[in-house]
Structures are given as structure tokens and as C-alpha cells.
Amino acid sequence: MTNLQQLKQWILESKSAVFFGGAGVSTESGIPDFRSVDGLYHQKFDYPPETIISHTFYERKPDYFFRFYREKMLPLGFEPNVTHKVLARLEKEGHLAAVVTQNIDGLHQKAGSKNVYELHGSVLRNYCVKCGKFYGAEVVKNAKGVPLCDCGGIIKPDVVLYEESLDQRTLEGAVAAIRKADLLIVGGTSLTVYPAAGLLHYYRGDRLVLINRDETPYDSYANLVFHEKLGEIFSQL
Ligand code: CNA
């Protein structure tokens, strides 16, 4: 049996699979990831991206933060690709219980997935830090400089910055789904950003599948490894 046949069989047999993904899930929609050669980390800025996307930097230089955020982190106008769509279908068919994602682009929901744990938040949700009023992404996109609420407070994207902690309820939901999973498919993530990458350790089963173009520190833990593009695998599922 080939690895692909094995994966297909495991999916068919599964009733509580979880897909755990990262930026590589959306590169085939045209959104660059952070660490590939053509990703964000290889472009030139005055500061490294980790510095700009940190809470300290956001507090100290909000105008610079929002300039970078608008230009590089606000993925609006993109469409789900085959991986997002097949995952939504597998949920409908009763094989997939949840998607746990490090992405902030909202494309899983756009593809139809219902049970999505967004570990790092979403650019589609934005709140005034003073009065809590909700704003969509367009207001942030179209603001000149720092986006401001009617009350004068800063409109902050509901995105987890470096130095900020993950939302506790989201984290607990993701952990519970992974604990219960009879199949865990991990894809499009370098598995280097913590605590997200550590969630893999909650999986108890022996059907851990890793689909990533580049090698990851967890390759040796997996029961099946594909060093291929997600689209190539998912278009065959
Ligand atoms: P990463 O560290 O950039 O790693 C991405 C991984 O995906 C790399 O190992 C690539 O080899 C792999 N990859 C890229 N394209 C494909 C593909 N088509 N098929 C298979 N593998 C592919 O990204 P992580 O998600 O691991 O890092 C976590 C960060 C990135 C999170 O905080 C995200 O919020 C953040 N991020 C999100 C987006 C988004 O929302 N679309 C975009 C860029 C960065």
C-alpha cells in the first residue's frame, strides 16, 4: 500500500480526525508564509518581523506596527484552496472533528469548516481597546496610520502577538480535540512556533500524519510523512 492509500484508508476509518495546520495551508491561495524562501522572513524590513509583531513594538511604535500589519499581515481578498475545501468536506462527511490552525486569515471558515480553533486569532475580528467595539478588517485596512474607534481608542486586531498569551478557551478546545483524535494530520507548519507546536504532544494515537514541503523537527514522531505540497495530496483525497 502506498502512503497515499494508507492516508485515504485512515481518513475513511476516522470519526474524530483533527487537522493541525499553519501558514503552508494558505500559500497555495497566494498568502506567503513566514519561513519559506519566498516567505515573510526573507524580505527586507528595518526590524525583524518577530520584533514588529510583538506586543512591546505594538505599544511603542503603533504607527510602524500598523504599516507593517496592513502591508504584510492583512490577507484580504484571498480564496480558499483545495486543502481548505477538502477539509470542510471531510468535516461534513463526519470524518474530521476539528481544524486547529495557526493561521489568521479565516480561509477555513470561508471554505465551510465549522469547528475551527484559531490559535493565533483572526484578522477578521478587531476590537477597540478602550470601549470594546467590534470592527471588521476593512476599517483597519483603510485607516490612515493607527486605526481609531469613534471613542478615540485604538482598534486592535484580534491576533496574538509575540509576548501575548493564547486565548485560554481556544487552547483548551484544541487540546481536547487533539486528545480525542483517532487520526492527526499536521500540515503546512514548520512546527517551530510555541506553544502551538507543542499541541502535538497531546495526541495519543498511532496515526500521526505530517504533510509539509520542508522537513520539521517532528518528522521522526510521525507514522506517515509526506514532503510534498498540501494541494498535491489533498486534491487526491
Ligand atoms: P511557517 O513557520 O511559515 O512554516 C510554514 C511551513 O509550511 C514551512 O515549513 C513550509 O515548508 C510549509 N509549506 C509552505 N507551503 C506549503 C505547501 N503548499 N504545502 C506544504 N507545505 C508548505 O508557518 P507556521 O504556521 O508554522 O508558523 C506559525 C506562524 C505563521 C503563525 O503565527 C501564523 O499566524 C503565521 N502566519 C500565518 C499566515 C496566514 O494566516 N495565512 C501567513 C503567514 C504567517
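Biologist: Which residue meets Lys110 in a salt bridge?

Modeller: This is a predicted model, in which local features need pLDDT of at least 70 and side-chain atom pairs count only at pLDDT 80 or more, while totals for chains, interfaces and linings use all residues. Residues are numbered from 1 along each chain as its sequence is written, and side-chain values use heavy atoms, with hydrogens and water left out. A salt bridge here is a side-chain nitrogen of Lys or Arg within 4 Å of a carboxyl oxygen of Asp or Glu. At 3.2 Å, N to O, the partner of Lys110 is Glu79.

Biologist: How many residues apart are Lys110 and Glu79?

Modeller: Lys110 sits in helix α6 (residues 107-111), and Glu79 is in the loop between α4 (62-73) and α5 (82-92). Helices (H or I, at least four residues) and strands (E, at least two) are DSSP runs, numbered from the N terminus. The pair links distant parts of the chain, 31 residues apart.

Biologist: Is Glu118, which pairs with Arg125, buried or exposed?

Modeller: The side chains of Arg125 and Glu118 form a salt bridge at 2.9 Å, N to O. Buried means under 20% relative accessible area, exposed over 50%, and partly exposed in between (1.4 Å probe, protein chains only). Arg125, at 26%, is partly exposed. Glu118 has a relative accessible area of 11%, so Glu118 is buried.

Biologist: Which residue is linked with Glu118 and Arg125 in a network of salt bridges?

Modeller: The search of the whole structure finds 8 salt bridges. The network contains Glu118, Arg125 and one further residue, Asp158.

Biologist: Which element gives the largest share of the lining of the second largest pocket?

Modeller: A pocket is an open set of points on a 1 Å grid over the protein atoms alone, where a 1.4 Å probe fits, with protein on both sides within 12 Å along at least five of seven lines; lining residues have an atom within 4 Å of a point. Glu118, Arg125 and Asp158 are among the lining residues of the second largest pocket. Elements giving two or more residues to this lining are β4 (121-128) and β6 (155-159). The largest share, 3 residues, comes from β6.
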